[in-house]
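Open the structure in your viewer and keep the selection panel handy. We will go from stop to stop, and at each one you will get something to select and something to look for.

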Amino acid sequence: MVQIAIMGYGTIGSGVYDVVNTNQAIIQGNLGKELRVKYVLDLREFPGDPVESVLVHDVNVIINDPEVEIVVETMGGEHPAFEFVSSMLKAGKSVVTSNKNLVAAKGVELMKLAVEHNVNFMYEASVGGGIPIIRPLTRSVLPINDVDEITGILNGTTNYILTKMYHDGSEMASVLKEAQEKGYAERNPEADVEGYDACRKIAILGSIVTGQQIDYQSIPTEGITHVTKEDVLYAKKLGRVIRLLGTCRKVDGTYYAEVAPYMVGSNSPLFAVNGVFNGIMVHGNMLDTVMFYGQGAGSHPTASAVMSDVVDAAAHTGRIIYPGWSGDKIRLGEYDEWKHVFLLRFLGDADRKEAVEAVVGPIQVVEGCVPGEIGFITGSITNRDVAEAAKLEGFISRFRVKR
Ligand code: HSE
């Protein structure tokens, strides 16, 4: 028998408990032995909930129980998750986490600690909710390919909001409330709408791809709070949708990373990724492009990803099977030099074209979207060029357009 403990009985932790109980027979059939939740750690009481029989409030009960082989961390946040996880690894227990804040900030340290104690620190559920991404990326893609781009929709809450804004004309605040009720949003929803959650996730994916630490603090991050109804009108006129993308790309041997909203066209598979779904595209020099697609948030899908790690850890006791990356910090390329295509919005009409072209080069006019405005689609230009265009009279805003 394999005995596990769960730290944190919130949306994901309770999902893990459900998955173990509901799919007990399937898990046992695959693992070849019984898997049981011995403890659930939470500060709160859950009167009447079946979890009561295994609920504990003191982390030391788990640390000091040699029968617990694997610990699931679904508390979220950096502290005290880091201290608790460190103690578990030092006690010789493998740890499985869904906590992207922890993996992005402390992953390298915890992977090192795990190796020192001959156990695994696993984090499949930290990116993409229920989508299997870490395991296929590390086992099937990276050993064979030079991966020059990983990009995608990495946050279910914002994708849910953007989809509803686009199709129903809904306001951001009301849709965010729905996403919270469905258990998609972070405790502090700023983490979703300001792009911080997607930033942690692309930092993790980028670190895996490059093999070096990408500090999430070094990734230029823009959320969706400035996306307006007018932007949606332009997207519709252009036959595009608006998506928040996290990207890590190699250009001429230098890696760039960012989180930002884009207008995405039907030439991209990300165009069709709606609602709480995530889509993660990986480009390898031999593989070409693959997309991983599935529910990016929510209790049971994420718990399924957590349990995939638990089962993997249980099947490989005493063997380090999980990939990490080196603690050497990668130096990302200068963001101002990275080129994108932009939609530039100006007050006025097409008469502005000449003045704008003088700064950013050839542009295409987009007319008839918003009264009193004119839009221009640029060629591939730098953020520095956009900053210059923003100094021109009548400038309203700029929006990235995915090529
Ligand atoms: N708040 C996150 C999201 C949860 O919406 O994607 C999954 O990481």
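Before the first stop, one word to learn: a residue is buried if its relative accessible area is under 20%, exposed if over 50%, and partly exposed in between, using a 1.4 Å probe and protein chains only. Helices (H or I, at least four residues) and strands (E, at least two) are DSSP runs, numbered from the N terminus.

This is a predicted model, in which local features need pLDDT of at least 70 and side-chain atom pairs count only at pLDDT 80 or more, while totals for chains, interfaces and linings use all residues. Residues are numbered from 1 along each chain as its sequence is written, and side-chain values use heavy atoms, leaving out hydrogens and water.

**Stop 1: helix α6**

Select residues 134–141, which form helix α6. Which residues of this helix are buried? They are I134, R135, L137, T138 and V141. These buried residues pack against β6 (121–122), β7 (147–153), α10, β11 (277–284) and α12. As you turn the helix, remember that an α-helix has 3.6 residues a turn, so residues three or four places apart point the same way.

**Stop 2: the nonpolar cores**

A nonpolar core is a set of buried Ala, Val, Leu, Ile, Met, Phe, Trp, Tyr and Cys residues joined through side-chain atoms within 4.5 Å. The largest one here has 127 residues, and I62, F121, Y123 and L205 have the most contacts inside it. Helix α10 (residues 196–210) gives this core its largest share, 8 residues. Another core lies apart from it, with 11 residues, including V356, I363, I374 and V386.

Now select I62. Contact means heavy atoms within 4.5 Å. Leaving aside neighbours within four places in sequence, I62 is in contact with A5, M7, Y39, L41, V56, V68, V71, M88 and K93.

**Stop 3: α5 and α10**

Two packed helices are described by the angle between their axes and the distance between the axes. Axes are lines fitted to C-alpha atoms, for helices over the stretch in contact, and angles run from 0 to 180 degrees between N-to-C directions. Select α5 (residues 100–116) together with α10: their axes come within 9 Å and cross at roughly 50°. That makes α5 oblique to α10; angles under 35 degrees count as roughly parallel, over 145 as roughly antiparallel, 65 to 115 as roughly perpendicular and the rest as oblique. Show K100, N101, V103 and A104 of α5 with D197, R200, K201 and I204 of α10, and you have the residues that make the contact.

**Stop 4: α1 and α12**

Next, select α1 (residues 11–22) and α12 (residues 299–315), which pack at an angle of about 70° with their axes 8 Å apart. The two helices are therefore roughly perpendicular to each other. Where do they meet? On α1, look for residues including T11, I12 and V19, and on α12 for residues including S299, H300 and M307.

**Stop 5: two single residues**

Pick V37 in strand β2 (residues 35–41). Is V37 buried or exposed? With 7% relative accessibility, V37 counts as buried. Not counting residues up to four places away in sequence, V37 touches I4, I6, Y17, V20 and V54.

Finish at N120, in the loop between α5 and β6. N120 counts as buried, at 2% relative accessibility. Among the residues that N120 touches, not counting those up to four places away in sequence, are L89, S94, H316 and Y322. Try the distance tool too: N120 and G298 are 178 residues apart in sequence and 25 Å apart in space, C-alpha to C-alpha.
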